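We will work through it together, one exercise at a time.

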Amino acid sequence: MIDKGGMTEVGGVEEAPSLSHAEVNQLWAKFRAGDTILCAKDAHGIALAVDGAAKAYRLVCTKCGISSPWFGTTPSGLVFRVPRANSSRSNGSK
Ligand SMILES: [Zn+2]
């Protein structure tokens, strides 16, 4: 008999909630306009994390921990950094 009791949580890959690209674009637009940006789930303040070396930004809710992918800013908009190969479902033909 296999003992499956007591599943221990190994610190590792946790499925963290994340903001969609559209949400990040909206939040970033508000942020740049000088508005306070709030989490859509709990209306808590969202903090901006900055990676100065990579010139990348990230939005993180200080309460629920929902976060955006890292992104860079370009004149034409935000460019999201995808940490690993991730087939986009909306990769349709233009
Ligand atoms: Zn939140």
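Predicted model: local features only at pLDDT ≥ 70, side-chain atom pairs only at ≥ 80, totals over all residues.

Residues are numbered from 1 along each chain as its sequence is written.

**Exercise 1.** Check whether the span of helix α1 agrees with its number of residues.

Solution. The expected span is 1.5 Å times one less than the number of residues. Helix α1 covers residues 21-32, which is 12 residues, so the span should be 16 Å. The end C-alpha atoms of α1 are 16 Å apart, which agrees. Just past the helix, Gly34 has a positive phi of about 90°.

**Exercise 2.** Work out how the strands pair.

Solution. Two strands pair if DSSP finds at least two bridges between them. Take β1 (residues 46-51) and β2 (residues 56-61): they are antiparallel, with 6 bridges. Within this pair, Ala49 has Arg58 of β2 as its bridge partner. Their hairpin has 4 residues between the strands, and Lys55 shows a positive phi near 55° there. Now take β3 (residues 71-74) and β4 (residues 77-80), which are also antiparallel, over 4 bridges. Gly72 is bridged to Val79 in β4, and 2 residues link β3 to β4 in a hairpin.

**Exercise 3.** Which residues form the largest nonpolar core, and is Lys30 buried or partly exposed?

Solution. A residue is buried if 20 or more other C-beta atoms lie within 10 Å of its own, exposed if 12 or fewer, and partly exposed in between, with C-beta atoms placed from the backbone. A nonpolar core is a set of buried Ala, Val, Leu, Ile, Met, Phe, Trp, Tyr and Cys residues joined through C-beta atoms within 7 Å. The largest one has 8 residues: Leu19, Val24, Leu27, Ile37, Cys39, Ile46, Leu59 and Cys61. Helix α1 and strand β2 each supply at least two residues of this core. Lys30 lies in α1 and has 14 C-beta neighbours inside 10 Å, so Lys30 is partly exposed. Over the 94 residues of the protein, 11% count as buried.
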